[in-house]
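Dear colleague,

Please find the structure below, handed over for your records. My notes on what was found in it follow directly after.

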Amino acid sequence: MALRLLSNDDYERDWPVWKKAALETAQGDPFCCQPVWQLSFHRSFAETCRVDLRQGDGCMLAFTEQTTPSGQRCLVPLEPSWFFGSPLLGNGSLELLAEALEDWTGEYGFCPDILISGMLRQSAFFARLVQGFSRIFHCYLYQESQQCSASLIGGLDGFLSRRSANHRHKLKKCARRAAEAGVSFERCRPLSPEEAQATFARMLAVEKQSWKGIGHCGMAEPPSSRFYSILLAALARTGDARVIFARHEDQDIGFIFGGMAGNIYRGQQFSFADSWRSFSIGNLLQQEKIRWLCEDGALRYDMGPISGPRMGYKSHWTENTVTLHTLLLRRS
């Protein structure tokens with residue numbers, strides 16, 4: 001089944017199948033394979049681009065059409081910026097891709113270039129993709145990125161046991177100092193559009209006090225503000241939003257935000273008022289988030305890309321890395 005335009009009815013109908021397919025096969029970043037991430041990006045950055053969703057027996061394809069600077073039309077994931085998620089979802093998605101190729105060739109008069117992101121090179125799925133389509137396509141490595149994660153097995157104590165003694169010591173010291181200063185933490189799980197809107201307004205108020213807000217380079221700036229607003233609303237709709245606020249004297253001074261994909265949590269954003277920098281509010285928010293996740297039975301904390309500016313802090317919180325590959329399939 002091909003869906004050329006994404007109406008509200010389509011959105012409601014395909015959401016459960018899409019989410020189940022995204023979690024069914026091993027993915028490097030399962031959260032970003034889900035419709036909450038993919039559709040939030042599409043609606044924020046590329047709403048006018050045509051969507052092509054195809055649903056099979058427990059599997060889906062999720063592509064959108066884009067035009068390259070040279071005028072060439074190609075099919076890309078709905079989130080073709082960071083390339084975190086995969087457009088091939090579920091065990092039967094490769095067979096569904098083979099069927100789609102016939103439709104696309106008939107429609108375009110040729111087989112367009114296809115970008116497939118979120119691939120784990122050592123997986124059996126990757127091998128099947130390359131082997132199954134190498135007679136039709138040249139397969140090129142288009143992009144790769146390293147993603148990091150931490151196990152939550154053993155609860156908060158187990159997690160902390162896998163951190164360095166120096167890191168644990170600093171956390172205890174910072175937690176004691178913040179508590180003495182009157183800092184507290186509030187868990188927030190919005191479940192309605194109104195609650196999501198109110199929560200996001202609180203997050204933006206904190207963001208504007210942070211170094212990112214002061215420098216006009218963070219989540220409060222459009223189009224990022226639109227994207228994260230839509231994402232939080234979508235997560236509220238599924239009950240998967242997880243937000244914690246750091247507070248002092250009835251004022252928000254920090255937040256940490258992300259969402260669940262089954263029993264895996266994916267972090268999105270955290271921020272704190274620059275005036276509280278010396279209290280390590282960011283580290284304390286991370287610890288409080290891990291405490292909450294462990295209490296809820298989460299098994300893994302995905303922190304996204306580990307390479308790039310200001311990403312080095314993640315090495316203190318994670319112990320596992322995977323490399324996500326994006327392939328360009330071009331007709332032989």
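The largest pocket is lined by 39 residues, and those nearest its centre are Lys 212, Gln 269, Arg 310, Met 311 and Tyr 313. Its volume is about 1,200 Å³. On a 1 Å grid over the protein atoms alone, a pocket is an open set of points where a 1.4 Å probe fits, with protein on both sides within 12 Å along at least five of seven lines, and lining residues have an atom within 4 Å of a point. Grid points are joined across faces, edges and corners, and the volume is the space filled by probe spheres set on them.

This is a predicted model, in which local features need pLDDT of at least 70 and side-chain atom pairs count only at pLDDT 80 or more, while totals for chains, interfaces and linings use all residues. Residues are numbered from 1 along each chain as its sequence is written, and side-chain values use heavy atoms, with hydrogens and water left out.

Among the elements that give two or more residues to the lining of the largest pocket are helix H2 (35-45), strand E7 (137-151), helix H8 (211-214) and helix H10 (281-295). Strand E11 (264-272) is also one of these elements, and E11 supplies the largest share of the lining, seven residues. Helices (H or I, at least four residues) and strands (E, at least two) are DSSP runs, numbered from the N terminus. By type, the lining comprises 19 nonpolar, 14 polar and six charged residues. Here Ala, Val, Leu, Ile, Met, Phe, Trp, Tyr, Cys and Pro count as nonpolar, Asp, Glu, Lys and Arg as charged, and the others, Gly among them, as polar.

Arg 310 also deserves a note for its backbone: its phi is positive, about 60°, although it is not a glycine. Arg 310 is in the loop between E12 and strand E13 (320-331), and counts as exposed because its relative accessibility is 61%. The classes are buried (under 20% relative accessible area), exposed (over 50%) and partly exposed (in between), with a 1.4 Å probe and protein chains only. Glu 249, likewise not a glycine, has a positive phi of about 50°. Glu 249 lies in the loop between strand E9 (241-248) and E10 and is exposed, with a relative accessible area of 65%. The peptide bond from Pro 222 to Pro 223 is cis, with omega near 5°; Pro 223 is found in the loop between H8 and H9.

Turning to the helices, H10 is mostly covered, with twelve of its 15 residues buried; Trp 292, Lys 289 and Glu 288 are among them. The end C-alpha atoms of H10 are 21 Å apart, which agrees with the 21 Å that its 15 residues should span at 1.5 Å a residue; the expected span is 1.5 Å times one less than the number of residues. Just after H10, Gly 297 takes a positive phi of about 85°.

Glu 207 is in helix H7 (residues 193-207) and counts as buried, because its relative accessibility is 0%. Beyond its neighbours within four places in sequence, its contacts (heavy atoms within 4.5 Å) include Lys 212, Phe 255 and Ser 271.

Finally, a search of the whole structure finds zero disulfides, a disulfide being a pair of cysteine sulfur atoms within 2.5 Å. The sulfur of Cys 49 is 9.7 Å from the closest cysteine sulfur, in Cys 74, which is too far for a bond. Cys 49 is partly exposed, at 23% relative accessible area, whereas Cys 74 counts as buried at 12% relative accessibility.

Yours sincerely
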